[in-house]
Amino acid sequence: MFEEISAPVEGVTEKVVLKETKPPLDSRIGKDAPFQFGQRVLADDNDVWNHNAWDHAEWGEEQKVEAETLISKQYENPVEEFDKKLYNGNPAKYWDIFYKNNKENFFKDRKWLQIEFPVLYEATKADAPPVTILEIGCGAGNTMFPVMSQNENPNFRIIGADYSKNAVQLVKNSASYNPEIAHACVWDLSNENLELPETVEPESVDIIIMVFVFSALAPEQWVHAVNNLQKILKPGGQILFRDYGRYDLAQVRFKKGRLLDDNFYIRGDGTRVYFFTEEELRDIFGKFFQEERVATDRRLLVNRKKQLKMYRIWMQAVFKKPLEN
Ligand SMILES: C[S@@+](CC[C@H](N)C(=O)[O-])C[C@H]1O[C@@H](n2cnc3c(N)ncnc32)[C@H](O)[C@@H]1O
């Protein structure tokens with residue numbers, strides 16, 4: 001288990017100074033786990049320091065101004081042009097290094113997925129119809145494996161695709177990898193040639209899962225990614241999406257030399273991250289897909305000792321490919 005010294009929050013890797021630590025008690029509960037939301041709502045501002053976390057945190061003008069002030073400082077020292085080219089030139093390389101260093105120990109199992117996206121739960125039932133699921137940006141399998149372990153559907157198939165060959169190797173080496181129902185392969189979501197992942201035929205996938213992967217694309221790659229999704233998904237198929245939201249703590253705490261472009265950053269380990277709004281998601285996916293749900297999850301974390309308020313913000317969405325174009 002590794003702790004990030006500079007940013008001990010899920011998915012934030014601004015500085016890759018990793019030291020081995022004992023996991024804190026609650027670190028096994030994914031901090032981005034949506035099903036934990038809704039349990040503690042701050043009704044009276046005076047109570048804010050009484051707990052470490054609040055769900056459905058209100059987000060007013062004051063917070064927005066605070067976040068924008070911090071972000072405007074980042075523009076004083078953006079990433080140099082030379083380095084921008086370096087990072088954008090071969091982004092998979094940095095994820096390869098990431099998985100070489102962290103192996104499968106970094107991301108927590110996304111056990112909440114089937115609760116938050118009921119279609120996944122339905123698909124794994126014993127009496128469900130045949131289903132093909134594609135997880136894009138599968139990393140070390142923290143989404144794929146929990147879904148597989150739940151599965152009782154005899155006609156279930158899951159493909160995990162990632163452009164990091166080290167990630168794909170970790171999935172294949174895992175004891176949980178069952179090649180009878182799963183396949184892992186190297187594939188770039190943003191490829192411009194409409195190439196599909198190994199074993200995936202056009203319009204053959206029922207469910208595409210994308211958890212914290214779209215944020216790794218540069219904005220100019222979104223169009224290629226969406227073209228690929230359109231080619232892969234069956235009519236009536238769904239995209240299940242979870243990723244970083246605009247003004248998330250991970251965004252506002254970036255300091256000098258991290259800003260690549262508006263709302264797009266380079267972490268200390270060379271991996272890239274974008275922070276979305278609901279409107280952007282509608283724009284990106286609306287080209288081909290119908291909106292089933294687009295939502296923002298907000299959680300207020302409180303450091304009682306330092307009297308600090310920190311907002312975590314995640315986007316969650318479901319898009320559907322229309323039955324007829
Ligand atoms: C933040 S990790 C998330 C991993 C996994 N989805 C999870 O939630 O544990 C992002 C993953 O997306 C992969 N990735 C980033 N850009 C990609 C692309 N263009 N095509 C395929 N995979 C990509 C990275 O290699 C990395 O494994």
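Asn 263 is buried in this predicted model, because 20 other C-beta atoms lie within 10 Å of its own, and a count of 20 or more is what the buried class requires. The residue sits in the loop between strand E9 (259–261) and strand E10 (264–266). Its phi is positive, at about 60°, although Asn 263 is not a glycine.

**Overall architecture**

- The chain contains 10 helices and 13 strands.
- Of its 325 residues, 36% count as buried.

**Nonpolar core**

- The largest nonpolar core comprises 75 residues.
- Ile 207, Ile 208, Met 210 and Ile 239 have the most contacts inside this core.
- Strand E13 (residues 308–320) supplies the largest share of the core, with 7 residues.
- Leaving aside residues up to four places away in sequence, Ile 208 touches Leu 134, Ile 136, Leu 229, Ile 232, Leu 233 and Ile 239.

**Ligand surroundings**

- There are 22 residues around the ligand.
- Those that come nearest are Trp 95, Phe 107, Gly 137, Gly 139 and Ala 216.
- By class, the shell consists of 12 nonpolar, 7 polar and 3 charged residues.

**Buried loop residues**

- Phe 212 belongs to the loop that connects strand E7 (205–211) with helix H8 (222–232).
- Phe 212 is assigned to the buried class because it has 21 C-beta neighbours inside 10 Å.
- The phi of Phe 212 is positive, at about 55°, and the residue is not a glycine.
- Arg 110 is placed in the loop between helix H3 (91–102) and helix H4 (113–116).
- Arg 110 counts as buried because 22 C-beta neighbours lie inside 10 Å.
- Arg 110 and Pro 146 are separated by 36 residues in sequence, yet their C-alpha atoms are 7.0 Å apart in space.

- Positive phi values occur at Phe 212 and at Asn 263, neither of which is a glycine.
- Both of these residues are buried, Phe 212 with 21 C-beta neighbours inside 10 Å and Asn 263 with 20 other C-beta atoms within 10 Å.

Conventions:
Residues are numbered from 1 along each chain as its sequence is written. This is a predicted model: local features need pLDDT of at least 70, side-chain atom pairs count only at pLDDT 80 or more; totals for chains, interfaces and linings use all residues. A nonpolar core is a set of buried Ala, Val, Leu, Ile, Met, Phe, Trp, Tyr and Cys residues joined through C-beta atoms within 7 Å. A residue is buried if 20 or more other C-beta atoms lie within 10 Å of its own, exposed if 12 or fewer, and partly exposed in between; C-beta atoms are placed from the backbone. Helices (H or I, at least four residues) and strands (E, at least two) are DSSP runs, numbered from the N terminus. Two residues are in contact if their C-beta atoms, placed from the backbone, lie within 7 Å. A residue is near a molecule or strand if its C-beta atom, placed from the backbone, lies within 6 Å of it. Ala, Val, Leu, Ile, Met, Phe, Trp, Tyr, Cys and Pro count as nonpolar, Asp, Glu, Lys and Arg as charged, and the others, Gly among them, as polar.
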